[in-house]
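Keep the structure open while reading.

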Amino acid sequence: MGSLFDFMLPELKSPMTGATTDALMGFIHIVSFIILAGVTIAMIYFAIKYRRRSEDDETPLITHNNKLEITWSVIPLLLVFVVFGWGYKGWLNLKTVPDNAYEIHVSAYKWGWTFKYENGAQVGNEVHVPAGRPIKLVMQSQDVLHSFFVPDYRIKQDVLPNRYTYVWFQADETGESQVFCTEYCGTSHSNMLAKVIVHTENDFEAWLEEQGTGGGGTPEERGEQLVGLQGCASCHSMDGSDGIGPTWQGLWGKERNFESAASVSADENYIRESILNPSAKIVEGYQNQMVSYEGRLSDDDISDIIAYIKTLEE
Amino acid sequence: MATAEVSNTKTLKVKRFKPSEDPKSTFLTEEKGLWAWLTTVDHKKIGLMYLGSVTFFFLLGGILALLLRTELLTPAKTFIEADTYNQFFTLHGAIMVFFVLVPSIPAALGNFVLPMQLGAKDVAFPRLNLASFYIYVIGAIFTFIALANNGLDTGWTFYTPYSTDSSSSVIWVTLGVFILGFSSILTGTNFITTIHKMRAPGITWGKLPLNIWALYATSIIQVLATPVLAITLLLLTMERFLGIGIFDPAMGGDPVLFQHFFWFYSHPAVYIMIVPGFGIISEVITTFSKKHIFGYWAIALSSLAIAFIGFLVWGHHMFTSGQSAVATTVFSFLTFLVGIPTGIKILNWVATLYKGSIEMKTPMLYVFIFLFLFSIGGFTGIMLGSLAADIHLHDTYYVVAHFHYVMMGGTLIALLAGLHYWWPKMTGKMYNEFQAKIGAALIFIGFNMTFLPQFIMGSQGMPRRYYNYIDQFTIFHQTSTIGSYILGVGFLLIAFYLLRSLFSGEKAGSNPWGSRGLEWQATSPPDLHNFDHTPVIINGPYDYHKPMEEFQLGLADVHHNGHEPSHAAKAAAEEVTN
Ligand code: HEM
Ligand SMILES: [Cu+2]
Ligand SMILES: [Cu+2]
């Protein structure tokens, strides 16, 4: 019967985390529907059957009925006990990560996600996982609150700046699932999307191998990669188009004007300062929207990014 | 004329006072002029001023809602920027919650009818009542400026650290909300005192109208919950200006702590919004079924139960926030316990209809709409209270639909029921019944079309506070937007016929619905001092099996001209009721 409401849910792709949720939601929907239908029909029936026939209609004096009151208090009470216990059980399961889970670290920032693997590989806004194996995500935010939500898996967990939170799932089939950010985090909250990409165990190993440690390449290449992973690209464009922050195309060496500071030309020190202490000089026409990357980017990282910015000529 | 046994200690001489159908002077014809209104201490005029302000803010919040819905017609940009959208939903939410729903029923309708239902001339502290109004106005203007000026885009929940990251405007907004809250504290205190001290002779606790019980429970919540806002404000200020890390992780604080403080106030505030609605439903449903309420004490006491348990469930807004497992479990459990007294009320109301003499006038139509919509809101609340389901549904459109079913389908519809019920009493005029029914139908259709699809897209995964969305949700969003336009037309129609009734409406009699409620034994509109006698009550407010004459009694031997409180009458009232 609960399946009457199946149309409301997306296809379940992680039965180990979502089966209880689906069954429970089906149960609550169907019981609610029956009671709601009962109440509505009773209301309408009474309204018709006992409609006023004349102004001096007399009504019987019925003040209360203890048996009835007790019945309709106790039955719902029992029902909500069931719902509570069931929900609790499902939740406990969501909180209990299987021992053999494969661990991936997640870093959330305004407005994107970075996924880090044990071998050092990093990917932005895509998390690749093997099918048929529990996956544990250990998550932290670099700025404000975010929340990691995969409707297909029925999982959701807030991501906090000051502590780690975790969530787990197990996708049984290969395929893709949508990830949303569900804790409001500002301008591009609704674009803070990612995909879970499920591979077979073998494909996954091969993919991971290919990603390598993420540290190779020339400084310019490393810089380009960092810009993607750290989410700079969600505010800065490389092609001259305007965004939340100024474009980087042609930035190098250009004269910069500020809201309240003398203009300077964009050199290494200026870019370094812009990254570590963005509020020191606010570029004319922009808001103080960027957070400091102090502690998140090493000196080498910053040099690599600068090397990359230098390549972006007009 | 007759004597009545009011209590076992004293016998009062009473006689019948039939309300005049053609009052010479009413509160509207006396003390006229703008200045007289602005400085009035008459609870009826203050109630109407609240009603005016609330309507104004509802219009503002409603326009914002329509702009939001229009933007959501297509994914990505339809006509406004993301930042504008974010500021609009913050403003819309804050206005609807703090400026409209919190003061709507208690301060607007409550102010008008509470003293009348008690047979009093006014509330206990009339000047304080006027002060509450001005504090509300100042708080509303202050909050509005703080919100609009800083372009606050945090949502009405102001979660840290997002809200404190780049500006301190959250402090100003919290201050504004606290000023607003202070107005509720004063109104609450005023009502509690009035209910304890100003009941006309014969109104024992068991003969209080259920509307009064509901306002009583609401007042208790207002007085107890609002100070928490002041504490939050103090902590925010300490963090901001003294650099003591409380909520900001950069200073060693805990952002989740803010959520605890916020919901410790705002969850009870949800009951400040809905419990007064319950009062209206009880009044209207008995009047239009001409029948005694079923389960008087069950309804009266469940309001109080909701008020108290309501203080203990704030954590159900934080199941995914990373709060401790024990807390999560306990909060889930307590949440279900609040559901029970609410469910009991619904069943009692439906049982009241049984064997009644039911007349489907507009207020009653709204009661039926309320019972249907609010039940859906309640059931989906049970869904959200159950842990595993909430993990999936939290912060999706399912929640948006749920709280609109409760706040709009519940409180606002109850407000409309009350407004249509007491309109003849407040203005002395009848609105056009046919147009009113069309209006109610438009609201019902528009509302369901707007919010039903949101349950589906929410459980399919559509997150809330999203400016952009993935294509799969387009059809739901578009249905919802069209529904919201129908809703808008419904409200315009209501505004039209109500305003028109003021000028060309038929004259309303003193008791057009044949109610047994005491407020209907005054003239329409009432005299400046409500009654020009001291009412004496011998029957319960829902004793429809007793003849109307028995509800029109007043002290026979106390002479007074209606212009100053009659000490004799008051003393008598106290002796009887204490
Ligand atoms: C009594 C009436 C109403 C109340 C109390 C109310 C209350 C609220 C609240 C508290 C929010 C949350 C704001 C936030 O997330 O910070 C909200 C959001 C919203 N409301 Fe209303 N509202 C009412 C009427 C309406 C109407 C009539 C419409 C449609 C025409 C509407 C459309 C919306 C929309 C589109 C959102 C944004 C949802 C999101 O993205 O999270 N509201 N409302
Ligand atoms: Cu977000
Ligand atoms: Cu709550």
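**Iron site, chain B**

The site of the iron atom of ligand 1 is octahedral, with angles of 85 to 180° among its 6 donor atoms. This is a predicted model.

- His92(B) and His404(B) coordinate the iron atom of ligand 1, each through NE2, at 2.1 Å.
- The two histidines link distant parts of the chain, lying 312 residues apart. His92(B) belongs to helix α3 (residues 82-118) of chain B, and His404(B) to helix α13 (residues 397-427) of chain B.
- His92(B) has a relative accessible area of 14%. That is under 20%, so His92(B) counts as buried.
- His404(B) is also buried, because its relative accessibility is 16%, again under the 20% cut-off.
- For reference, ideal angles are 90 or 180 degrees for six octahedral donors, and 109.5 degrees for four tetrahedral ones.

- The class requires all angles to lie between 85 and 135 degrees.
- Cys181(A) is buried, at a relative accessible area of 0%.
- Cys185(A) is buried too, with a value of 0%.
- Glu183(A) has a relative accessible area of 5%, so this residue is buried.

**Five-stranded sheet, chain A**

- An open sheet of 5 strands in chain A runs in the order β3-β2-β1-β5-β8, with mixed pairing.
- β3 (122-124) and β8 (165-169) of chain A stand at the edges. Each has a single partner strand, so one side of each is left without a neighbour in the sheet.
- On average, neighbouring strands of this sheet are turned by 25° against each other, direction ignored.
- Strand β5 (residues 135-141) of chain A is joined to β8(A) by 5 bridges, and the two run antiparallel.
- Ile135(A) stands opposite Phe169(A) in β8(A).
- Helix α4 (residues 219-229) of chain A packs on the sheet and touches β1 (102-109), β2 (112-116) and β3 of chain A. The direction of α4 makes about 55° with that of β3(A).

How values were computed:
Residues are numbered from 1 along each chain as its sequence is written. Chains are lettered from A and ligands numbered from 1 in the order in which they are written. This is a predicted model: local features need pLDDT of at least 70, side-chain atom pairs count only at pLDDT 80 or more; totals for chains, interfaces and linings use all residues. Side-chain values use heavy atoms; hydrogens and water are left out. Buried means under 20% relative accessible area, exposed over 50%, partly exposed in between (1.4 Å probe, protein chains only). Two strands pair if DSSP finds at least two bridges between them. Helices (H or I, at least four residues) and strands (E, at least two) are DSSP runs, numbered from the N terminus. Axes are lines fitted to C-alpha atoms, for helices over the stretch in contact, and angles run from 0 to 180 degrees between N-to-C directions. Contact means heavy atoms within 4.5 Å. Donors are N, O and S atoms within 2.8 Å of the metal (3.2 Å for Na, K and Ca); water is not among the atoms, so sites may look incomplete. Four donors count as tetrahedral if all angles lie between 85 and 135 degrees; four count as square planar and six as octahedral if opposite donors are over 155 degrees apart and all others between 65 and 115; anything else is irregular.
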